[in-house]
Amino acid sequence: MRDSSTGSTARPSRRTVLAATAGVTAALAGGTGAYAGTGPHDDTELRALISGMTLEEKVGQLFVMRVYGHSATAPDQADIDANLKEIGVRTAAELIARYRVGGIIYFAWAHNTRDPHQIAALSNGIQQASLAQPRGLPVLISTDQEHGIVARVGKPATLLPGAMALGAGGSRGDARTAGRIAGVELHALGIRQDYAPVADVNVNPANPVIGVRSFGADPDAVAELVAAQVTGYQGAGVASTAKHFPGHGDTAVDSHYGFPVITHSRELWETLDATPFRAAIRAGIDSIMTAHIMVPALDGSGDPATLSPTILTGILRGELGYDGLVVTDSLGMEGVRTKYGDDRVPVLALKAGVDQLLNPPSLDIAWNAVLRAVRGGELTEARLDESILRVLRLKSKLGLLRNPYVTDAGVDRAVGTAAHLRTADRIAERTTTLLVNEEDLLPLSRRRFPKVLVVGADPASPSGTDGPPTRVLATALTELGFSATALSTGTAPSAATIARAVAAAGDADAVVVGTYNVTATSSQKTLVAQLLATGVPVIAVAIRNPYDVAQLPDVPAYLAAYSWTDVELRAAARVIAGRAEPRGGLPVPVQRADDPAQVLYPIGYGLRY
């Protein structure tokens with residue numbers, strides 16, 4: 001087995017696996033030999049593991065940490081430097097040796113996810129490093145693979161429609177299938193915990209952090225799709241995580257950068273925000289992520305939910321009856337750091353009822369703070385044991401305590417297969433939503449409109465997609481028989497850029513414009529107005545929030561794609577060309593731009609050909 005710069009990893013032999021897990025199996029069997037069962041270990045066996053841990057090892061099990069590098073032992077020098085600066089270690093292996101962390105989270109920006117075989121090799125290297133420690137335990141490797149606009153693992157893995165697109169499709173079967181495909185591929189990469197699905201009900205069009213990451217604004221519809229995704233992920237052997245409890249869907253503040261306050265009454269929370277989390281719990285959700293938000297109706301202390309015993313122990317565990325794993329959102333986010341220092345946050349989170357502490361800004365500060373809190377009596381060792389038991393229960397359920405390794409052959413069988421890619425395309429076709437189609441401009445005739453200009457916003461493409469959106473749309477339309485060219489005009493086109501687009505439109509028979517989060521003052525509105533003034537037919541595609549259509553009422557044809565990932569843009573192109581029917585329905589209402597109290601397009605709205 002190798003964890004090298006090539007990313008190749010040979011299939012671990014049975015002898016290697018047994019040797020690596022010998023310490024775990026011996027401890028589980030009370031020192032009498034390997035555990036003979038095939039199901040999850042019972043609590044007696046897991047408590048035996050806990051009783052053999054040092055206090056430092058126990059503290060480590062509660063942390064899930066980032067680490068830079070494509071390899072557990074031989075990352076690039078730039079990643080070594082980043083690790084030394086932020087964590088004080090050189091590699092993932094050193095991180096494990098020093099802090100005995102129970103989990104590691106993968107990010108594309110940390111260079112953890114270059115390609116499938118490299119990811120599998122990194123996962124194996126992490127497990128090998130952890131199991132080589134005295135009383136070593138497998139690591140629970142996690143990531144945010146929501147799909148749509150948040151995906152840490154990119155092509156050639158399968159990239160699927162995101163939550164709001166699935167909400168537009170309205171199919172529990174498609175949501176379950178998307179979760180299963182995502183879970184199968186993550187499992188093959190050694191990633192066994194996914195921070196998905198988003199269970200927030202997005203009732204605020206101005207929400208800057210959730211938006212299209214939510215399934216929609218109808219709590220019952222969101223609940224059904226959340227439960228379906230949980231079934232899909234967990235049926236593939238990956239722990240699913242419903243987030244962000246108690247509900248982050250009605251805020252105009254991003255908790256990465258501020259401290260949101262949710263003003264819902266207790267009654268509204270029960271009928272709106274709580275509904276998808278109750279459904280996730282009924283579906284057997286493995287883990288729930290907390291939100292760094294204040295909800296005065298649930299807890300008047302002014303503390304974020306992540307640090308609230310009332311919300312996490314009283315409501316989530318007591319009233320909702322949840323006894324699974326509770327993980328914080330990233331402890332580096334401003335929403336949890338506003339009121340307390342980085343040395344108090346992890347201690348208060350554990351006192352509130354949290355089990356896993358995710359990605360603190362300084363692991364050394366956080367780890368030592370928990371250690372001091374136990375030694376000083378603020379936290380009991382028994383309290384740590386309670387959370388460690390939940391962590392080990394999940395590791396046992398996922399099979400990590402028997403064999404945490406993955407293989408190249410498994411990657412090839414599961415990741416980015418032709419069948420998965422075809423299914424992703426079929427699901428995407430069922431999500432594209434047609435909102436406006438004056439004089440039946442769509443489907444666009446190749447005979448009448450052979451030359452198409454594609455302009456619009458080109459936000460940075462989600463991980464590993466082809467991008468940029470204008471090029472993806474133009475390429476797809478060309479493959480469908482049009483002669484399409486792309487001209488990127490950006491999210492805030494200048495007067496000169498707009499003039500270039502208008503000039504280019506003079507040589508086109510039709511213009512497709514990709515819009516991105518259009519506001520009342522956005523220069524995207526000027527771009528569209530001047531394109532319309534040319535007399536050339538304009539088709540707009542909202543490549544993120546569907547609310548754009550309210551800001552551009554004069555566009556004769558408008559589609560909502562809900563994301564600028566390749567799979568959703570290609571589906572929109574097929575709908576424009578008439579190769580697919582528009583079958584999506586809005587999962588959120590769109591209010592009038594000039595009178596937000598009036599609904600322009602209700603939930604469920606969507607035209608057909």
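Which residue forms a salt bridge with E378? In this predicted model, where local features need pLDDT of at least 70, side-chain atom pairs count only at pLDDT 80 or more, and totals for chains, interfaces and linings use all residues, the partner is R344, and the closest N and O atoms of the two residues are 2.7 Å apart. Residues are numbered from 1 along each chain as its sequence is written, and side-chain values use heavy atoms, with hydrogens and water left out.

A salt bridge is defined here as a side-chain nitrogen of Lys or Arg within 4 Å of a carboxyl oxygen of Asp or Glu. Helices (DSSP runs of H or I, at least four residues) are numbered from the N terminus, as are strands (runs of E, at least two). E378 is located in the loop between α16 (363–375) and α17 (381–397), whereas R344 is located in the loop between α14 (334–337) and α15 (345–352), so the contact ties together parts that are 34 residues apart in sequence. With buried meaning under 20% relative accessible area, exposed over 50% and partly exposed in between (1.4 Å probe, protein chains only), E378 is partly exposed at 34%. R344 is likewise partly exposed, at 29%. Salt bridges that share partners also join D43, R317, D323, D355, E386, R390 and R393 into one network.

Side chains of opposite charge can pair when their charged atoms come close. In the whole structure, the search finds 31 salt bridges. Among them is the contact between the side chains of E319 and R266, with an N to O distance of 2.4 Å. This pair links distant parts of the chain, since E319 belongs to helix α13 (residues 309–319) and R266 to helix α11 (residues 266–271), 53 residues apart. E319 has a relative accessible area of 46% and is partly exposed; R266, at 25%, also counts as partly exposed. A further salt bridge is formed by R278 and E270, whose closest N and O atoms are 2.6 Å apart. R278 is partly exposed, with a relative accessible area of 28%, and E270 is partly exposed at 25% relative accessibility.

Just after α13, G321 adopts a positive phi of about 75 degrees.

Aromatic contacts were also considered. Rings of Phe, Tyr and Trp (its six-membered ring) pair if their centres lie within 6.5 Å; planes under 30 degrees apart count as stacked, over 60 as edge-to-face and the rest as tilted. Seven aromatic pairs are found in the whole structure. The ring centres of F107 and W109 are 4.5 Å apart and their planes are at 20 degrees, so this pair is stacked. F107 is buried, with a relative accessible area of 7%, whereas W109 is partly exposed at 43%. The pair formed by Y601 and Y605 is tilted because the planes are at 35 degrees, with the ring centres 4.8 Å apart. Y601 counts as buried at 14% relative accessibility, and Y605 as partly exposed at 25%. F107 and W109 additionally form one aromatic cluster with Y68.
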